[in-house]
Amino acid sequence: MSATAPVRPTAASRSAGTLLDFTNVEMTFPNGTVALRGVDLTVKRGEFVTVVGPSGCGKSTLLRIASGLEVSSEGSVVVDTDRIGYVFQDATLLPWRSVADNVELLAELNGMKAKERRAKAQEAIDLVGLGGFEKNLPKQLSGGMKMRTSLARSLTLEPELFLFDEPFGALDEITRERLNDELLRLFVEKQFAGLFITHSVSEAVYLSTKVVVMSGRPGSIVGTFDVPFPMPRDPDIRFTPEFGALVGEVSHALREGHR
Amino acid sequence: MASVDQLALATGRVARDARIRRVYARRSAQWWPPIAVLALLVGFWYLVAAYYDRVQGLAFLVPYPHLVLKAAFADPLFSPQLVQDLGNSTQVALTGLVVAIIIGVAWAILMSQAKWIERSLYPYAVILQCIPILALVPLIGALFGYEFLSRVIVTVMISIFPMVSNTLFGLQSVDRAQRELFTLQGAGRWTTLTKLQFPAALPSIFVGLRTAAGLSVIGAIVGDQFFQRGTPGLGVLIQVSTSRLNGAGTYAAILTASALGVVVFLVFGLLGRLVVGKWYDFG
């Protein structure tokens with residue numbers, strides 16, 4: 001099979017509510033590095049799928065392919081929505097724009113009318129708890145607030161599929177847990193499907209409905225775990241034996257795959 | 001044991017007090033050292049001037065500072081000429097600078113659009129920078145006349161390179177993820193340029209602008225060395241004063257040219273701070 005860009009879905013996959021469908025996806029970079037091999041992965045409506053794996057295993061490449069930033073070298077990629085949110089590792093805010101103007105950016109690039117996008121931005125700002133900081137510049141914000149701004153910016157697109165590339169990796173533990181809770185709240189409230197990349201196993205288990213474990217380079221999927229805990233999730237679930245057991249299983253698979 | 005602890009405590013406090021005092025002292029220490037250096041320089045200048053005046057009998061080579069001041073501000077024959085020539089030079093420098101900004105930024109934007117354009121055009125920016133302008137100046141005069149136009153061309157040639165290189169650097173230094181953010185929304189070249197690359201390049205453009213501004217004054221003076229017609233500036237005044245053995249006038253013109261360079265440098269540095277200082281820290 002030759003290189004394929006994401007394509008529109010067939011009737012069959014659409015009926016199943018599948019938003020993202022990777023079949024046997026392989027990614028070889030021009031310099032010969034094989035980043036992904038034989039990846040099968042689906043994200044359905046109502047699912048929050050987290051991918052854990054060692055650094056450099058091609059986790060981010062998955063997202064880049066799903067978003068269309070990269071084109072896979074083999075396999076098929078089906079994406080059944082135009083509304084894709086992408087949250088980068090860094091907040092990637094424009095430093096000369098205020099919080100409000102940063103949140104408006106994507107709607108602005110999509111040609112939305114000023115009044116409409118301003119209302120939409122304000123709604124997203126309130127949703128991530130940044131009300132009162134609209135006029136602040138990014139340099140006046142903490143790392144967590146920058147990430148909230150970045151989240152709000154993507155929320156203005158009302159994404160059906162939300163891609164997260166280790167968004168909280170650079171934050172301290174407390175901020176990170178706080179944002180995890182916020183993200184879960186948004187997930188329940190906004191009903192998007194999520195594909196979340198992380199290297200923290202407990203974050204993966206806590207956030208998702210399904211955890212996918214990847215091996216080291218070339219990245220391939222070595223395990224899939226359904227997370228049975230109901231939504232909305234109680235933060236204290238992290239201290240239950242069931243949670244600990246699942247974290248243990250995932251960690252074990254991760255270690256096996258890394259060998 | 002107790003006495004040792006007390007000693008440590010005491011010295012600790014002394015060190016801290018000293019540090020605090022130093023912080024306060026630093027603030028007041030900012031203005032007087034350059035003034036002291038100026039006083040020393042002026043004193044030294046008087047000594048050298050006295051040597052040339054009394055021993056060598058060549059007072060015009062190093063005139064006394066107060067005579068230079070008089071020539072600059074209180075000489076009914078010289079001072080008005082100085083002001084007029086300062087005006088002319090400023091006009092040449094600023095015109096050249098504006099042209100250098102427009103061409104330089106446009107040149108850099110063009111190069112930022114594709115690698116092959118950059119590869120095709122950048123060498124010429126470097127060549128322009130490497131040409132000994134002084135060697136070209138007589139030719140410029142012959143081609144474009146010995147007046148305002150030629151002065152401006154020389155100024156542009158001298159000051160354009162920092163505009164081109166700093167703008168290009170700024171446009172290319174945009175974060176990859178930020179660029180991808182735009183790509184994901186299907187933003188075109190123009191949108192990416194105006195909403196991302198150009199604003200992101202502004203700090204770098206202002207650094208180039210400050211350098212180019214200083215160079216534009218040099219360009220205006222250099223042009224004068226070769227083009228005497230039209231609207232002569234400070235360069236001409238320096239030459240004329242020198243040939244008339246008007247030491248005080250020569251020095252006054254040189255110092256005025258230097259002051260113009262400093263002022264232009266400071267003004268554009270300040271302008272940069274005003275425009276992007278809110279979000280960018282020039283350090």
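Tutor: Let's start with a term: pLDDT is the predictor's confidence in each residue, from 0 to 100. We need it here, as this is a predicted model.

Student: What is the mean pLDDT of chain A, then?

Tutor: The mean is 87, and 93% of the residues in chain A reach 70 or more.

Student: Where in chain A is confidence lowest, and where is it highest?

Tutor: The lowest mean, 49, belongs to helix 1 of chain A, residues 11-15. Helix 3 of chain A, residues 99-109, has the highest, at 94. Where pLDDT is low, the predicted coordinates should not be read in detail.

Student: Which strands pair with strand 7 of chain A?

Tutor: Strand 3 of chain A, residues 48-52, pairs with strand 7 of chain A in the parallel sense over five bridges. In that pairing, Val49(A) has Leu195(A) as its bridge partner. Strand 6 of chain A, residues 161-165, also pairs with strand 7 of chain A in the parallel sense, over five bridges. Here Phe164(A) stands opposite Phe196(A).

Student: And which strand is joined to strand 6 of chain A by four bridges?

Tutor: That is strand 5 of chain A, and the two run parallel. The bridge partner of Val87(A) in strand 6 of chain A is Phe164(A), the residue that stands opposite Phe196(A) in strand 7 of chain A. Strand 5 of chain A, residues 84-87, is covered on both faces: Ile84(A) and Tyr86(A) are buried on one side, Gly85(A) and Val87(A) on the other.

Student: Which residues have the most contacts inside the largest nonpolar core?

Tutor: They are Ala66(A), Leu161(A), Leu163(A), Val205(A) and Val250(A), in a core of 75 residues. Helix 3 of chain A gives the most to this core, six residues. Apart from it lies another core, of 54 residues, including Ala125(B), Leu196(B), Val236(B) and Ala252(B).

Student: What is Leu161(A) in contact with, leaving aside its neighbours within four places in sequence?

Tutor: Its contacts include Ile84(A) and Ala193(A), along with Leu19(A), Leu20(A) and Val43(A).

Student: Let's turn to chain B. How many helices and strands does chain B have?

Tutor: Chain B has 11 helices and zero strands. Buried residues make up 34% of its 283 residues.

Student: Where does UniProt place the feature "transmembrane region" in chain B?

Tutor: The unreviewed UniProt entry gives residues 31-52, 92-110, 122-146, 152-171 and 251-276 of chain B. Compare two of these stretches with the model. Residues 122-146 of chain B are 84% helix, with end C-alpha atoms 30 Å apart. Residues 152-171 of chain B are 100% helix, and their end C-alpha atoms are 27 Å apart. The unreviewed entry also places "domain: ABC transmembrane type-1" at residues 86-272 of chain B, and the chain there is 87% helix and 0% strand.

Student: How many residues does each chain bring to the contact?

Tutor: Chain A brings 14 residues and chain B brings 15. On the side of chain A that touches chain B, nine residues are nonpolar, three polar and two charged.

Terms used: Residues are numbered from 1 along each chain as its sequence is written. Chains are lettered from A and ligands numbered from 1 in the order in which they are written. This is a predicted model: local features need pLDDT of at least 70, side-chain atom pairs count only at pLDDT 80 or more; totals for chains, interfaces and linings use all residues. UniProt positions are given in the numbering used here, feature names are shortened, and annotations may be inferred rather than shown by experiment. Two residues are in contact if their C-beta atoms, placed from the backbone, lie within 7 Å. Ala, Val, Leu, Ile, Met, Phe, Trp, Tyr, Cys and Pro count as nonpolar, Asp, Glu, Lys and Arg as charged, and the others, Gly among them, as polar. A nonpolar core is a set of buried Ala, Val, Leu, Ile, Met, Phe, Trp, Tyr and Cys residues joined through C-beta atoms within 7 Å. A residue is buried if 20 or more other C-beta atoms lie within 10 Å of its own, exposed if 12 or fewer, and partly exposed in between; C-beta atoms are placed from the backbone. Two strands pair if DSSP finds at least two bridges between them.
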